[in-house]
There are 2 protein chains.
Amino acid sequence: MPSHAPGQTAEPTTFRATSPLTGEDGPSIPEATEAQVKAAVTAATDAYRALRTWRPSRLAALLDAVADALEHRSHEIVAAARQETGLAVAALEGESLRTVGQLRMFSRLVLTGRHLEATVDHADPGARPPRPDLRRMNVPLGPVAVFGASNFPLAFGVAGGDTASALAAGCPVVVKGHPLHPVTSTLCAEAIDAALRDMAAPPGTFALLQGGSHAVARQLVTEPGIKAVGFTGSTAGGRALYDLAAARPEPIPVFAEMGSVNPVVIFESALRVRGARIATELAGSLLTRTGQLCTSPGILFVPQGEPGDALVAALREELLAGGRGPMLSPGMAGSLTSALEEACATPGVSLATGGHRLSAVELENTLVIADAKAFSAGPHLREEYFGPASVLVRFGPMAELLSMLDLLPGSLTFTIHAEPGDAPDPVVALAAERAGRIVWNDYPTGVAVTEAMHHGGPYPATSSAAHTSVGPAAIRRFLRPVSYQNTPDAVLPEALRERNPLGLSRLVDSEWTRAGEPGLSAGSGCTGRA
Amino acid sequence: MPSHAPGQTAEPTTFRATSPLTGEDGPSIPEATEAQVKAAVTAATDAYRALRTWRPSRLAALLDAVADALEHRSHEIVAAARQETGLAVAALEGESLRTVGQLRMFSRLVLTGRHLEATVDHADPGARPPRPDLRRMNVPLGPVAVFGASNFPLAFGVAGGDTASALAAGCPVVVKGHPLHPVTSTLCAEAIDAALRDMAAPPGTFALLQGGSHAVARQLVTEPGIKAVGFTGSTAGGRALYDLAAARPEPIPVFAEMGSVNPVVIFESALRVRGARIATELAGSLLTRTGQLCTSPGILFVPQGEPGDALVAALREELLAGGRGPMLSPGMAGSLTSALEEACATPGVSLATGGHRLSAVELENTLVIADAKAFSAGPHLREEYFGPASVLVRFGPMAELLSMLDLLPGSLTFTIHAEPGDAPDPVVALAAERAGRIVWNDYPTGVAVTEAMHHGGPYPATSSAAHTSVGPAAIRRFLRPVSYQNTPDAVLPEALRERNPLGLSRLVDSEWTRAGEPGLSAGSGCTGRA
């Protein structure tokens with residue numbers, strides 16, 4: 001669906017989302033025109049300049065107001081998301097709490113000013129050469145384009161973590177709504193807009209652009225006024241945006257969270273102590289949200305021998321008995337079906353259970369078994385299977401395991417199940433090399449929103465291994481430092497003035513000026529582990 | 001000069017540098033072969049895995065040993081650099097101190113462990129949903145390719161800030177030496193190699209590759225084992241590496257510090273109080289190192305009227321009387337000559353002084369005067385003039401000044417001269433938008449190596465506005481976070497263990513566990529303001 005050329009007077013291009021629950025089409029949604037995209041970015045640039053004059057306390061109040069507005073409309077938003085995505089109401093309610101909790105977490109962060117990293121070095125005229133007075137703080141990058149995920153319509157959607165962290169940084173946000181849930185996006189945008197009006201935010205602070213084609217996305221990323229991109233979705237989609245952004249006359253950073261295979265290595269010691277429990281819990285992790293999670297355990301390494309055999313048998317039973325749900329769209333169900341067919345046509349690969357498509361949007365819970373030779377030969381077995389399917393590989397000698405692990409692409413997570421002393425150092429070292437989060441005797445699904453969370457990882461899990469999209473540190477993506485040399489106090493931003501009027505924790509002449517910091521982890525009830 | 005295909009037995013390709021002082025050719029230097037580049041990266045990958053097991057104290061000792069080795073050979077290194085670059089001995093001696101000081105500064109940083117940003121969130125089983133134990137720290141990215149600058153053969157060269165910060169992060173370094181000073185590069189590499197041997201560092205921890213063509217650079221950036229790039233040089237060179245890195249199957253970050261016009265806006269109030277002093281000091285800044293500085297003041301905005309006329313006249317006298325020196329190469333002198341010819345052929349542009357080439361490597365000190373119309377129409381007047389030349393523009397009404405400032409590309413610095421109350425807010429706001437460092441009633445040349453320094457800026461000043469290449473924060477370019485979930489203490493890296501055996505300052509349950517931090521600014525005598 002191409003967008004119309006400006007000035008054309010034909011009916012606007014429209015698109016509809018189809019409910020995976022009912023198969024019914026949603027309302028007709030007009031696709032943003034080229035002129036609308038341009039106008040949104042121009043307004044965002046104006047808003048950026050206005051927002052930069054806001055005190056932290058006003059920005060924090062804005063985030064709280066957005067949280068309140070979303071909370072106020074949460075029943076309506078969850079109902080729309082249920083209809084458009086088919087995700088369970090309980091899951092969406094958890095997401096809603098997390099979305100609101102994230103906004104409030106960033107509000108608290110902004111109040112502390114810790115993200116500004118205010119640093120003061122007083123002049124040292126006696127140094128050789130003499131040193132001037134230097135003060136550094138972080139400032140917002142500029143307007144940010146956000147691309148929401150299909151599988152997390154709230155917490156990684158229009159009002160999700162990318163939007164919350166960008167606004168907290170002082171960056172206006174232009175969201176390209178995901179075409180699979182346009183009504184949910186509209187409701188979230190309405191709540192945000194109402195809160196921004198109440199807080200007298202500049203008009204371009206936030207905009208939602210809808211689109212069923214790629215035209216809006218392509219234009220948005222290449223608009224000169226956009227200074228960074230946040231994206232959650234497929235590797236192909238993230239890479240396409242990355243390539244567009246890198247080819248601009250002024251390249252901009254793209255923080256894309258993409259595909260991840262989330263390997264799980266289970267050692268025999270763990271199976272001997274708690275094999276049955278692992279089967280139950282692992283199946284639970286695998287089937288969460290019908291496997292449509294960025295942290296879903298995609299490749300399972302299980303030792304050869306009896307305890308491993310028992311795990312495979314138990315996992316098979318769990319998956320057969322486990323709940324099923326619709327995938328987000330027939331397209332996604334079709335992609336998974338094709339990928340499984342390709343896998344099963346490979347010598348050395350078989351199905352422990354599942355593999356069949358049951359309806360336009362539903363597949364059987366599936367466990368693919370690959371032998372080490374097939375796994376090592378076939379790159380297609382080392383890619384993400386988005387949905388209720390995982391690949392299980394049996395390993396013999398440690399060298400065989402290590403050579404397979406060495407073939408793994410970058411992941412968000414790397415899980416190890418082992419009793420004390422049973423996990424060889426090279427496996428642990430490789431885990432830290434290939435993933436952003438190492439999970440020990442636990443499961444990768446469930447992303448706690450705390451300081452120490454890193455939701456990121458080496459390519460292709462993300463396009464920027466140094467950044468997280470979850471937790472307070474996510475704000476760093478949208479900030480850059482500015483130093484002030486020899487600048488009069490009256491001209492300095494408040495954060496850097498000599499008397500520290502904002503009461504910030506600052507590094508002054510290489511010493512911290514304040515010890516304590518208020519807590520920032522999202523409080524109980526607001527923390528999402530969805 | 002193409003490099004040879006592997007297995008070819010012909011004589012290796014060689015190149016020579018020519019001294020801008022004497023015009024004499026230096027020794028014949030073999031260009032690294034494709035096989036040598038590959039071998040260096042493979043060895044660096046092995047070294048990366050070994051270095052990751054080193055304690056911070058051992059890494060710090062390694063940096064100190066490199067500093068000692070360079071200090072020990074500093075006379076020899078300065079003499080070679082003098083011959084190959086033509087830079088003044090005093091300037092090179094300052095650079096040598098700075099180079100050594102930077103290594104020691106990073107050694108102290110590594111000992112504090114602050115760059116690890118160790119963060120601990122204890123489990124909260126009572127939270128809804130329950131929260132696991134999560135601990136996060138930074139780990140090295142992997143082998144780093146460093147491209148040294150032509151104009152700072154020591155402080156931004158083989159053993160310069162990029163190498164020092166990468167090693168401090170625990171990343172092995174493969175340097176592509178600048179072809180204009182291969183002997184200097186070799187001497188620095190010898191000192192580094194000797195120190196690494198003494199410290200029993202793994203063999204691939206450091207390598208120098210020489211090359212007179214672009215082949216070595218192209219191969220190095222596209223080798224899969226390289227995980228980040230540090231570069232200091234021209235916009236064209238930096239962008240070429242950025243494009244290569246972005247097009248890799250696994251894109252990697254490029255931290256390129258490139259061209260910068262470093263605007264200087266002088267308001268009438270400053271001229272009335274200290275016009276003569278500004279002329280002297282500004283000319284001094286402009287002529288430092290024959291204008292071959294990334295922070296050289298390239299575009300000067302001066303008000304119309306008598307005080308501005310007086311400044312132009314005084315600047316002209318200062319430049320006529322000011323010292324001259326050779327440029328780094330005939331090629332650079334030729335580029336500047338051509339750029340000045342193009343500028344002077346533009347209607348509305350004239351020469352206040354200079355403009356002529358005096359020898360293969362020497363130009364007159366040059367001041368180009370452009371009227372507002374010419375400046376606004378000609379993008380070539382808003383590019384970096386690398387060498388002893390600046391563009392001066394006269395401005396009338398504030399709106400005219402602002403519309404010209406709005407055309408400026410991103411810069412490392414933005415300088416304002418004004419008495420209190422005389423600099424309009426929009427100019428200050430625009431400065432923070434367009435530059436990484438705002439300099440007030442001072443001069444952009446001179447980059448103090450302290451915590452609060454930001455030596456970076458929006459594109460095209462750098463390819464990553466969020467990062468600095470000078471000061472302790474430069475280490476961030478080569479680190480990425482890893483979280484550990486529910487991980488047994490014995491398996492955790494020491495930095496994250498419950499009892500904090502390294503004595504680090506850590507954020508534990510959102511509270512800082514230690515207040516004080518040892519000082520990190522490079523001490524007097526070690527600080528470079530060259």
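**Figure 1. Contact between chain B and chain A in the predicted model.** In this predicted model, 69 residues of chain B are in contact with 69 residues of chain A. The elements of chain B that give two or more residues to this side are strand E3 (119-121), strand E4 (134-140), helix H8 (235-246), helix H14 (425-434), strand E16 (435-440), strand E17 (479-485) and strand E19 (511-512). The most is given by E17(B), which supplies seven residues. Sorted by class, the side of chain B that touches chain A comprises 34 nonpolar, 20 polar and 15 charged residues.

**Figure 2. Relation between the two copies.**

Figure 3. Strand E16 (residues 435-440) of chain A is joined to E17(B) by three bridges, and the two strands run parallel. Within E17(B), Ser483(B) is the bridge partner of Arg437(A). E17(B) is also the element that gives the most to the side of chain B that touches chain A.

**Figure 4. Packing of helices H4 and H5 in chain A.** Helix H4 (residues 89-112) and helix H5 (residues 161-169) of chain A pack at an angle of about 20°, and their axes are 9 Å apart. H4(A) and H5(A) are therefore roughly parallel to each other, as angles under 35 degrees are counted in that class. Their crossing is right-handed. From H4(A), the residues Gln102(A), Leu103(A), Phe106(A), Leu109(A) and Val110(A) meet Gly161(A), Ala164(A), Ser165(A) and Ala168(A) of H5(A). By class, the residues of this contact are six nonpolar, three polar and no charged.

Figure 5. Five strands of chain B form an open sheet in the order E7-E6-E5-E8-E9, with parallel pairing. Strand E7 (206-209) and strand E9 (254-257) of chain B are the edge strands, each pairing on one side only. From one strand to the next, the twist averages 15°. Within the sheet, strand E5 (residues 144-147) and strand E6 (residues 173-176) of chain B pair in the parallel sense over four bridges. Val144(B) is placed opposite Val173(B) of E6(B). Helix H1 (residues 34-51) of chain B packs on the sheet and touches E6 and E7 of chain B. The direction of H1 of chain B makes about 165° with that of E7(B).

Figure 6. Most peptide bonds are trans. In chain A, however, Tyr459(A) and Pro460(A) are joined by a cis peptide bond with omega of about 5°. Pro460(A) is located in the loop between E16 and strand E17 (479-485) of chain A. In chain B, a cis peptide bond with omega of about 5° links Tyr459(B) and Pro460(B). The loop between E16 and E17 of chain B holds Pro460(B).

Figure 7. Most residues other than glycine have a negative phi. Glu117(B), although not a glycine, has a positive phi of about 50°. Glu117(B) belongs to the loop between helix H4 (89-112) and E3 of chain B.

How values were computed. Residues are numbered from 1 along each chain as its sequence is written. Chains are lettered from A and ligands numbered from 1 in the order in which they are written. This is a predicted model: local features need pLDDT of at least 70, side-chain atom pairs count only at pLDDT 80 or more; totals for chains, interfaces and linings use all residues. Two residues are in contact if their C-beta atoms, placed from the backbone, lie within 7 Å. Ala, Val, Leu, Ile, Met, Phe, Trp, Tyr, Cys and Pro count as nonpolar, Asp, Glu, Lys and Arg as charged, and the others, Gly among them, as polar. Two strands pair if DSSP finds at least two bridges between them. Axes are lines fitted to C-alpha atoms, for helices over the stretch in contact, and angles run from 0 to 180 degrees between N-to-C directions. Angles under 35 degrees count as roughly parallel, over 145 as roughly antiparallel, 65 to 115 as roughly perpendicular and the rest as oblique. A crossing is left-handed if the near helix is turned anticlockwise from the far one by less than a right angle, and right-handed if clockwise.
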